[in-house]
Amino acid sequence: MSAGKRLDSLAMPCPSCGQSRVPPLAGSTLTIAWYACDCGHFWSARVRDGRPVSSPPATNAPLPSSPR
């Protein structure tokens, strides 16, 4: 399978609007893929075993304080 076909298989749903199939942008690699949805949402995903790995959702939890 060519690299172009492998990149096409990295399409994923938009985490913002839920559009079912957003293809990776040009310049994406088989290590990290960049996406831009028609709704205006822009994100990246690491690629592992030929599939994009979506990050856990961001939370509003405070960052841990550093020891003094």
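Q: What does the accessible surface of the protein come to?
A: About 5,400 Å², and 54% of that belongs to carbon and sulfur atoms. Those areas are Shrake-Rupley with a 1.4 Å probe, and for residues only the protein chains shown count as cover.

Q: Where do the coordinates come from?
A: It's a predicted model: local features need pLDDT of at least 70, side-chain atom pairs count only at pLDDT 80 or more, and totals for chains, interfaces and linings use all residues. Residues are numbered from 1 along each chain as its sequence is written, and side-chain values use heavy atoms, with hydrogens and water left out.

Q: OK, how much of the protein counts as buried?
A: 19% of the 68 residues. Buried means under 20% relative accessible area, exposed is over 50%, and partly exposed is in between (1.4 Å probe, protein chains only).

Q: Switching topic, what pattern does the protein follow along the sequence?
A: α-β-β-β, with one helix and three strands. Those are DSSP runs numbered from the N terminus: helices are H or I with at least four residues, strands are E with at least two.

Q: And in what order do the strands sit in the sheet?
A: β1-β2-β3, in an open sheet with antiparallel pairing. Strands β1 (32–36) and β3 (51–53) are at the edges with a single partner strand each, so one side of each has no neighbour in the sheet. The twist averages 45° from one strand to the next.

Q: How many bridges between β2 and β3?
A: Three, with β2 covering residues 42–48. Two strands count as paired if DSSP finds at least two bridges between them. As one example, R48 has R51 in β3 as its bridge partner.

Notes: Axes are lines fitted to C-alpha atoms, for helices over the stretch in contact, and angles run from 0 to 180 degrees between N-to-C directions.
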